[in-house]
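I opened the model to look up a few positions and strand pairings. My notes follow the display.

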Amino acid sequence: MKKQSNHRTGKQNNLLLFTALFLLCIFLELFLSNYRDFSIGDAPTVTLSAESLVRLDGGTVTEDGAFLIQNAGAELEFSELEVPVRTITVYTSAPEGTVVIASCLLSDDACRYDYRSGCRLYFNPAGGHCYTRASLSSNGNIHGLLISVDRLRHDFTIEKIVFNERRGFHFDKLRFLLFLIIALTAGACRAFRPETIVYDAANRKHRFVMYAAMAVCLLTLLWIYRALCSFGAGDAIAWPLEQPVSEYSAYVQQLDAFQKGQLHLDLEADPRLSSMQNVYDITERSRDTGIGDWKQPYWDRAYYNEHYYSYFGIGPLLAVYYPYYFLTGELPGDAFVSLIFSAASVFLLFGVLEELRKKFLPDIHLLYYAAGFLTVFFAGLIPLVMVSSCFYYIAVNAAMTFLLLFLMLYLHAFSMRQGLPRRICAVASGAAFVLIVLCRPNVALAAVGAAAPVAVFYLMEKETSWKYKLPDIACFLVPILAGGAGIMVYNYARFASPFEFGTSYQLTVSDISYNTLQFTPERLLGYLYYYVLQPLDTELVFPFFRMHTEVIDTLGNFMYHASSMGLLSLPFFLFLFLLRHRSIDYRSKVKSFTYAGILIGCILLSLLNFSLGGVFVRYLCDITLPLALLTLLLVLEYECRLTGGLFARRVILLVFGITIFISTMLIFSNENCMLLNYAPEYYLRIMDLFCL
């Protein structure tokens, strides 16, 4: 009876807890959604008229008193307003739209003769977010208002500007849902103590939790895909091509060349290119841009023997483009290709983690495994690569996917019993390795670093006869040797060298034949800073974190630098310092050498990228996923061996959450800013969650 009474009391307490959390979420959302109206107080609502406009640069006043804005840098100045201000609301319209950003400055009783920053305005004149409301607090009365349009792509009209407009009752259902999910998750952790539950792969409830984590990842990718499709990035490409070949991506151009029975791209090369002293010098190529009939060289294509080639590997063509073409008669859009690789990565990531867990880890706790899986997905920058959907990132995306496929098949093969299924799995893993090389050859370094120790220690086993070892290794090596031979033949047919993939001949920002491996102190310090330590830029405006874009001026005429960040910008990777912690059991030599192999392989890979390519978040993505896998293994083992350690466990979950948040924000501030530029409604809808 006492047990039943305790059980009933526990259920009542849990019900009270969840009810309180539900009510707290309602209160919090009501407060945030309606706070701005409360803050207005008794300040009067005032609509600015054209009569108070004293200056309009970069636009005109229409007949009905609206303001037509025609140029970035346009400014509207109003004076003699004489009213206390708490908010400003701007209504706009336009036939075409993207996010417009404007700075709002004001003068008031405390600063009558000069303007001071007030707020920033974000809106999409052609969409549902055609109006914006922001906090604009004056000291006493406002006297002057200056709106400076910092960013626009099309003309738009400001229909009206209103001070202190009351929106009325508002309730953001999406924000409330997010609050509720976070609160109920925290409540469930308190009520059911999942951190004490040891993960059991055979338990249906445990599998459901992991499937739920995978579903979160897939929903994130589908949301990104939907946003990309909103401006046509997911549209299928008609075949035969309807536009000139030059209008398409490198992969479509290469498929077009194959279909025409040739290796070089069907792009016309200006004959003057062949007479240049150094065609790979961008300054020499750009000297003749004023000549009317000058056919500009095609950017980031390889130019060799008076033909253009694509130096992007054919792995994505074999895996997605050709199957899609055979099934539909069309070619896939970039967003669809990215979705296929990214979604496959979610399932493969779980498969790899399961293989590594069974091989290297003791018992682990369900909560940290599920939360860690989500963190690896985001810290591995899979969503960032997905949202940056274009042929540059498709190569990275495909390499990520085939790296995971290789590791899963490879590790699974060594865990299987001797026999035909084991060898089929070994053959498949060898084929996956070839596909890595056919996407991004340098990523093979990470694959080798992670895989080599397992094979070496298998060959050193005394318990296994060589009559099993030799066929096993042969099944793995034969597809690699065959694929490697095919790649060398393909390279030789294009560039007269079996080891030339075309990167040496690319027409880009510089002659990259001068980019060589150099281990000088300044190079190593540059690598350490830009690939490991460089922080993200931060601000108090959504999305809060941005890539660093400052030009490197400390390494001479060498370094290509675009949007970048260091590995430790994501705090999850700080757990790599657990590598030598006493809680990590290295009695297994396979485990210790595998962990070291992953780390060494990623260091060598990133050094190669830094030396031959430069500083770019796209290059960092080559190592984020394998290092995230290693980091999670360390965290799970460390957490499992904690005795007491409630504070340490909370810190782990906090770091997981911060990492997921930062990585999510990077979706909105990636190199291409595709959502900001082309899917403004999706961008601004998420921005709404952080606005009052």
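Is valine 83 buried or exposed? I found valine 83 at 6% relative accessibility, so it counts as buried; buried means under 20% relative accessible area, exposed over 50% and partly exposed in between, with a 1.4 Å probe and protein chains only.

I noted that this is a predicted model, where local features need pLDDT of at least 70 and side-chain atom pairs count only at pLDDT 80 or more, while totals for chains, interfaces and linings use all residues. Residues are numbered from 1 along each chain as its sequence is written, and side-chain values use heavy atoms, with hydrogens and water left out.

I placed valine 83 in strand β6, residues 83–84 (strands are DSSP runs of E, at least two residues, numbered from the N terminus). Leaving aside residues up to four places away in sequence, I listed Pro44, Val46, Ser138, Gly140, Asn141, Ile142 and Phe163 as touching valine 83 (contact means heavy atoms within 4.5 Å). From valine 83 to threonine 45 I read 9.2 Å between C-alpha atoms, across 38 residues of sequence.

Next I went to strand β7, residues 87–93, where five of the seven residues are buried. I found β7 paired antiparallel with β10 (residues 131–135) over five bridges, and antiparallel with β12 (residues 156–163) over six bridges; pairing requires at least two DSSP bridges between two strands. Threonine 87 has serine 135 in β10 as its bridge partner, and threonine 89 has valine 162 in β12.

Last, I checked leucine 692, in the segment after α19 (680–688). Leucine 692 counts as partly exposed because its relative accessibility is 33%.

Note on methods
Helices (H or I, at least four residues) and strands (E, at least two) are DSSP runs, numbered from the N terminus.
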